[in-house]
Amino acid sequence: MAASRPALIALTALAPVSWGTTYVVTTEFLPPDRPLFTGLLRALPAGLLLLALARVLPRGAWWWKAAVLGALNIGAFFPLLFLSAYRLPGGMAAVVGSVGPLLVVGLSAVLLGQRPTVRAVLTGVVAAFGVSLVVLRAAGALDALGVLAALASAASMSTGTVLTKKWGRPDGVGPLALTGWQLTAGGLLIAPVALLAEGAPPALDGRALGGYAYLALANTAVAYWLWFRGIGRLSATQVTFLGPLSPLTAAVVGWAALGQALTPAQLVGMALAFGATVAGQIAPKDARGQLFSSTEKSARKDSMDLTGHALRR
């Protein structure tokens, strides 16, 4: 039986909520100044694990499609995101990255033929403004390379999201395998860059190993599986409007775990960003029937995939 739409949205939302814990795990558990190595250990082990579970490799055109999606969603996104975070003043990378929903609205019009609505554009603007109130700190000199990296990371993930929706999945392949393909491809792309830029891996203690295990399993393998599963059943615009939950979660975790104060302006920003996230889940009237049909079709397909996997075992 197909999951209800609210339940599907809630499960997909767990992905950006999980990503919102990345900052506190990175700063409290992992070695400093190793963003590419961290990106590598997030992506490649998770991808190999999902490949082992799914036991399905790409076929035909899906070799290059999986490589393109892996580069956009993982391999290029992670390094660009870390580069922007290191070169921009506190929170500015998240503010620039919050234009992602607006980019997805535009790309959906070009690649999916979905006409942008005034509501979607206004919702994207409100979401970006709310995020800016939550994460923006004292102003500092803006680094041109940092701004370009932040915009490029948002464009990379947005393009990957829309292409994931456009290409769907090959027959007989579930979201578990598709996620494994992308994480593996992205991790293999990051590996040489990390080695050249950061050198040999650092020594890891038990605390760091626990942090990396969390990032690879819950924060990446499970979270990206939920994310790509959601893209297959919801519209690309609906999924991307869940993105602001990531900086909101980071702010809440910082307040709860690190004792960081929340100002009145941040609370207003959280309300605006969360309201925009909720508003972004309201499907246009003429798309609801298609949305439910697509959801039920994907659920039946996933059920058949799981049944076949169980029989093979």
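Here are some notes on this predicted model, going from the overall fold to individual helices and residues.

1. **Overall make-up.** The protein chain is built with 15 helices and zero strands. It has 313 residues, and 48% of them count as buried. If you look at contacts between residues at least 6 apart in sequence, 91% join residues at least 24 apart.

2. **Helix α3.** Have a look at residues 35–54, which form helix α3. At 1.5 Å a residue, its 20 residues should span 28 Å, and the end C-alpha atoms lie 29 Å apart, which agrees. Burial is worth a glance here too: 14 of the 20 residues of α3 are buried, so the helix is largely enclosed by the rest of the structure. Arg55 follows α3 and has a positive phi, near 55°.

3. **Helix α7.** Helix α7 itself covers residues 100–112. Its buried residues are Gly100, Pro101, Val104, Val105 and Ser108.

4. **Packing of α2 with α11.** Helix α2 (residues 22–29) and helix α11 (residues 206–233) have axes that come within 9 Å and cross at roughly 165°. At that angle, which is over the 145 degrees cut-off, α2 is roughly antiparallel to α11. The crossing of α2 past α11 is left-handed. From α2, the residues taking part are Thr22, Val25, Glu28 and Phe29. They meet Arg207, Ala208, Gly211, Tyr214, Leu215 and Asn219 of α11. Sorted by class, this contact of α2 with α11 has five nonpolar, three polar and two charged residues.

5. **Packing of α5 with α9.** The axes of helix α5 (residues 77–87) and helix α9 (residues 144–167) come within 8 Å, crossing at roughly 150°. That makes α5 roughly antiparallel to α9, and α5 passes α9 in a left-handed crossing. On the α5 side, the contact is made by Phe77, Leu80, Leu81, Leu83, Ser84 and Arg87. The α9 side supplies Leu145, Gly146, Ala149, Ala150, Ala152, Ser153, Ser156 and Met157. By class, the contact of α5 with α9 has nine nonpolar, four polar and one charged residues.

6. **Pro16 in α1.** A proline to pick out in your viewer is Pro16, found in helix α1 (residues 5–19). With a relative accessible area of 1%, Pro16 is buried, as the cut-off for that class is under 20%. Leaving aside neighbours within four places in sequence, Pro16 is in contact with Trp227, Leu242, Gly243, Leu245 and Ser246. The pair Pro16 and Leu245 is 229 residues apart along the chain, yet their C-alpha atoms are separated by 5.7 Å.

7. **Arg229 in α11.** Helix α11 comes back into view with Arg229, which has its place there. Is this arginine buried or exposed? Arg229 counts as buried, at 11% relative accessibility. Beyond its neighbours within four places in sequence, Arg229 is in contact with Leu8, Leu11 and Pro175.

Conventions. Residues numbered from 1 in each chain as written. Predicted model: local features only at pLDDT ≥ 70, side-chain atom pairs only at ≥ 80, totals over all residues. Heavy atoms only, no water. Buried < 20%, exposed > 50% of the residue type's maximum accessible area, 1.4 Å probe, protein only. Helix = DSSP H or I, 4+ residues; strand = E, 2+ residues; numbered from the N terminus. Axes fitted to C-alpha atoms, helices over the stretch in contact; angles between N-to-C directions. Parallel < 35°, antiparallel > 145°, perpendicular 65-115°, else oblique. Left-handed = near helix turned anticlockwise from the far one by under 90°. Contact = heavy atoms within 4.5 Å. Nonpolar A, V, L, I, M, F, W, Y, C, P; charged D, E, K, R; others polar. Expected span 1.5 Å × (residues − 1).
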